Amino acid sequence: MANLNSPTGKTFVVEHLDPELEEWSSLEYFAIASECHESGAQFLLSSVPQSLELPERLQQAKSLKVETRGIEEIYANQKDRVCLLDPAASRDLSPDDGDTFDIFLFGGILGDDPPRDRTSELRKKGYQGRRLGPVQMTTDTAVRVTRIVVQDRVAVDKIPSVDHPELKINENESTEMPFRYVLGKDGQPIMPEGMVDLIKKDSEKGLSDLL
Ligand SMILES: C[S@@+](CC[C@H](N)C(=O)[O-])C[C@H]1O[C@@H](n2cnc3c(N)ncnc32)[C@H](O)[C@@H]1O
């Protein structure tokens with residue numbers, strides 16, 4: 001069934017799997033909402049606990065629909081149209097999957113290093129799975145890559161990307177991000193607005209905790 005709220009007919013669903021909403025996730029979700037809006041897709045943030053109050057900026061994001069219900073309840077009759085983006089899937093996502101699926105599902109989980117395979121919480125629901133290559137991505141990057149593949153019909157391995165970029169924290173320190181990122185037109189990894197400052201703040205806090 002086509003999604004009437006989305007001009008492209010595509011819906012990107014992030015199932016929020018954490019009890020809280022970290023600032024990191026909030027920045028990622030805002031970036032996903034903005035890019036889905038610009039590309040004519042719908043963004044659905046599902047399984048948001050009733051008790052969780054989203055930041056004002058996120059509440060007002062265009063093309064974002066927030067649901068307390070989980071994916072299984074929302075799309076009970078369209079299970080075969082849902083594709084789980086799963087780092088452990090045996091097949092990579094292809095542009096033709098844009099004809100097979102309308103709903104793309106992601107784990108709303110913070111990346112961890114080494115990965116703890118929390119996507120398994122969604123895998124056990126039995127959706128068809130596709131991988132986006134062998135390297136772990138942040139959730140917003142995974143949505144970005146999926147949109148480029150199924151909406152712009154570009155193969156995963158043709159999307160310019162960088163693995164594990166170094167981020168300069170200050171004159172003396174830098175940190176390696178344990179993820180794959182899409183490269184922007186400026187040749188830099190695309191990160192949500194405010195993310196670099198947040199990472200710098202967290203790293204400096206981490207360093208001062210050590211002192
Ligand atoms: C930050 S990742 C979480 C990975 C996490 N370490 C885990 O335990 O599964 C968040 C979501 O992005 C998607 N994702 C990230 N990298 C991916 C990849 N290489 N292939 C497919 N999906 C990916 C998955 O939907 C995943 O649940």
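Residues are numbered from 1 along each chain as its sequence is written, and side-chain values use heavy atoms, with hydrogens and water left out. In this predicted model, local features need pLDDT of at least 70 and side-chain atom pairs pLDDT 80 or more, whereas totals for chains, interfaces and linings use all residues.

The largest pocket has a volume of about 430 Å³. Its lining comprises 26 residues, and P87, I109, T119, Q136 and M137 are the closest to the centre. A pocket is an open set of points on a 1 Å grid over the protein atoms alone, with protein on both sides within 12 Å along at least five of seven lines; lining residues have an atom within 4 Å of a point. Volume is the space filled by probe spheres set on the points, which are joined across faces, edges and corners. β5 (103-108) and α6 (139-150) each give at least two residues to this lining. Helices (H or I, at least four residues) and strands (E, at least two) are DSSP runs, numbered from the N terminus. By class, eleven lining residues are nonpolar, seven polar and eight charged. Ala, Val, Leu, Ile, Met, Phe, Trp, Tyr, Cys and Pro count as nonpolar, Asp, Glu, Lys and Arg as charged, and the others, Gly among them, as polar.

The ligand sits in the largest pocket (more than half of its atoms lie within 2 Å of the grid points). Around the ligand are 22 residues, of which L85, D112, R118, T119 and Q136 come nearest (a heavy atom within 4 Å counts as near). The shell holds nine nonpolar, six polar and seven charged residues. Taken alone, the ligand exposes 570 Å², and the protein buries 99% of that (Shrake-Rupley method, 1.4 Å probe).

One cavity of 30 Å³ or more is counted; in a cavity, a 1.4 Å probe fits but cannot get out. The largest cavity holds about 30 Å³ of space. Its lining consists of W24, E28, T138, D140, M177, Y181, P192, M195 and I199. α1 (23-38) and α7 (195-210) are the elements giving two or more residues. Six lining residues are nonpolar, one is polar and two are charged.
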